[in-house]
Amino acid sequence: MGLFDRLRGEDHPRVAFIGIDGVPFSLLEDHPEEFPNFASLASEGSAGAIDSIVPPESSACWPALTTGVNPGETGVYGFQDREAGSYDTYVPMGQDVQAPRIWDRLEENDRTATVMNVPVTFPPQRNVTRMVSGFLSPGVDKAAHPDGLRDYLQSIDYAIDVNAKLGHKEDKSEFVEDAHDTIDTRFEAFSNYLEDDDWDLFFGVFMTTDRVNHFLFKDYERDGPNKEAFMDFYRKVDDYIGRIRDSLDDNVTLVVASDHGFTSLDYEVHCNAWLQEEGWLSFEDDDHDDLTDIAEESRAYSLIPGRFYINLEGREPRGSVPQEEYESTRDELKAALESLEGPDGNPVCERVVEKEDAFRGEHDDIAPDLVAIPSHGFDLKSGFKGHDEVFDVGPRNGMHSFDNATLFVDDPSASVTDADLFDIAPTILDLMDVDYGRTDFDGGSLVTSK
């Protein structure tokens, strides 16, 4: 029993959640000798591959994971979202998440939370014991609450994120060194506040795993020159997870999860260039940087990742597709995407999902009409300028996947079978014995017995 429990005279079950952004389950499952701590966690608890969400992009995934509901409820669909009734776009931040997070549900139950480095949580909330925001934060100075947390993090040179620009260099050694430095200080900070033991829910995310995967994953899958550097980094991740697990009190359940899977990247696909090439999209002039220059005769446009919007009359400012032609136009675009092939002759899209099959809620007015889930190897980009070719090769060699995300629960009463990202929030609350409405989530608890 921790000091916090002794002071309160209570011994509530607690949860420590550690996010490993973008880690595919198969990577950990296939190398038990390399990653013994993950192997032990799987054998003594429950583990498996889970599905991500539509679309499998971190800015949409983490709000979904931490709320248990789809983007139609969170209001966040990707790294860049569209203003309703406009071609203007914005980058969603924490205040744009419209559904309650797991830690928001603890207040009414007199429970506390420490939240560290979760993507799309800037600015930091004041209703938790402490929070440092993650991905999309401007820096520790503005991302940490309270001041004592900020001062401590600055004292250990804590970085919100790895310097991804280093990964663009052909020589990856400087990038790998920065990735190690970033995860080292992340682990140091996590360990410090896990030891403080003044929380009922600890929720921390290692995002550096996603960064390493973007630049080294093909080396791992296809025996490239940086494979050993990749494996060495993940040995450290395994070690840190093992040390965190060993440090936890008996009344704390460890949950480890990723927000999406990962696979090798062969081609970047510039979707707006493809739409232009196929006659779906045109701009008023050649010097276009965004959607605001879209020409009235355009029938569709795209936002990353793989989101497609019909330029609908009455919804878009210069909509050209009449309402009565919406279904037929969408069907035509869906068929074109389903038949699109890459330079290697393989289909670009594994499947194309219609809006109503993926999104429901009060914020589905900005939902894409179609979402293309790419086949492994094809990373769907958008871009509005400087991408004349549909297929290209960039500095990254790894990409997100919808399938093969990761979930470990250090409790044999959990069953990770046919699970997805929406199941994590209710599972955590069940493990903490926190009540919730059975219709509050798009998923269900994986705890089968208590």
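Biologist: Which residue lies over the face of Trp280?
Modeller: Arg299 does, at 4.0 Å from the ring centre. Keep in mind that this is a predicted model.

Biologist: And what sits over the ring of Tyr436?
Modeller: The charged end of Arg438, 4.7 Å from the centre of that ring.

Biologist: Switching to ring-on-ring. How many aromatic pairs are there in the whole structure?
Modeller: The search finds 26. One of them is Phe25 with Phe408. Their centres are 5.6 Å apart, with 50° between the planes, and the pair is tilted.

Biologist: Where do Phe25 and Phe408 sit in the chain?
Modeller: Phe25 is in helix α2, residues 25-29. Phe408 is in strand β19, residues 405-409. That links distant parts of the chain, 383 residues apart.

Biologist: Buried or exposed, those two?
Modeller: Phe25 is buried, and Phe408 is too.

Biologist: Now Phe217 and Phe262. Why is that pair called tilted?
Modeller: The planes of Phe217 and Phe262 are at 50°, so the pair counts as tilted. Stacked would need under 30 degrees, and edge-to-face over 60. The ring centres are 5.7 Å apart.

Biologist: Which elements does the Phe217 and Phe262 pair link?
Modeller: Helix α9 (residues 208-221) holds Phe217, and strand β10 (residues 261-264) holds Phe262. The two are 45 residues apart.

Biologist: Why does Phe217 count as buried?
Modeller: Because its relative accessible area is 1%, and buried means under 20%. Phe262 counts as buried as well, at 3% relative accessibility.

Biologist: What cluster do Phe217 and Phe262 belong to?
Modeller: One aromatic cluster that also takes in Phe35, Tyr220, Phe230, Phe233 and Tyr234.

Biologist: OK, sheets. What's the strand order in the open sheet of four strands?
Modeller: β12-β13-β15-β14, with antiparallel pairing. The edge strands are β12 (300-303) and β14 (349-354), and each pairs on one side only. Neighbouring strands are turned by 25° against each other on average, direction ignored.

Biologist: How many bridges join β13 and β15?
Modeller: Two, in the antiparallel sense. β13 covers residues 307-310 and β15 covers residues 370-374. Phe308 has Leu370 in β15 as its bridge partner.

Biologist: Which helix packs on the sheet?
Modeller: Helix α12, residues 326-339. It touches β12, β13, β14 and β15. Its direction makes about 165° with that of β14.

Biologist: On to charges. How many salt bridges does the structure hold?
Modeller: It holds 31. Among them is Arg82 with Glu316, closest N and O atoms 3.8 Å apart. Arg82 is in strand β3 (residues 81-82), while Glu316 is in the loop between β13 and α12. They are 234 residues apart.

Biologist: Is Arg82 buried or exposed? And Glu316, buried or exposed?
Modeller: Arg82 counts as buried, at 1% relative accessibility. Glu316 is at 4%, so it counts as buried too.

Biologist: What does Arg105 form a salt bridge with?
Modeller: Asp440, with the closest N and O atoms 3.1 Å apart. Arg105 is in the loop between β4 (89-90) and β5 (113-118), and Asp440 is in the segment after α14 (424-431). They are 335 residues apart. Arg105 counts as buried at 18% relative accessibility. Asp440 is partly exposed, with a relative accessible area of 28%.

Biologist: Back to α12. Which residue forms a salt bridge with its Arg330?
Modeller: Glu356, with 2.7 Å between the closest N and O atoms. Glu356 belongs to helix α13, residues 355-358, and is 26 residues apart from Arg330. Arg330 is at 1% relative accessibility, so it counts as buried. Glu356 counts as partly exposed at 46%.

Biologist: Last one. Where is Lys236, and what is it in contact with beyond its sequence neighbours?
Modeller: Lys236 is in helix α10, residues 227-247. Leaving aside neighbours within four places in sequence, Lys236 is in contact with His180, Ile183 and Asp184. The C-alpha atoms of Lys236 and His180 are separated by 8.6 Å, and the two residues are 56 apart along the chain.

Key. Residues numbered from 1 in each chain as written. Predicted model: local features only at pLDDT ≥ 70, side-chain atom pairs only at ≥ 80, totals over all residues. Heavy atoms only, no water. Phe/Tyr/Trp six-rings, centres within 6.5 Å; stacked < 30°, edge-to-face > 60°. Buried < 20%, exposed > 50% of the residue type's maximum accessible area, 1.4 Å probe, protein only. Lys NZ or Arg CZ within 6 Å of the ring centre and 35° of its normal. Pairing = 2+ DSSP bridges. Axes fitted to C-alpha atoms, helices over the stretch in contact; angles between N-to-C directions. Contact = heavy atoms within 4.5 Å. Salt bridge = Lys/Arg side-chain N within 4 Å of Asp/Glu carboxyl O.
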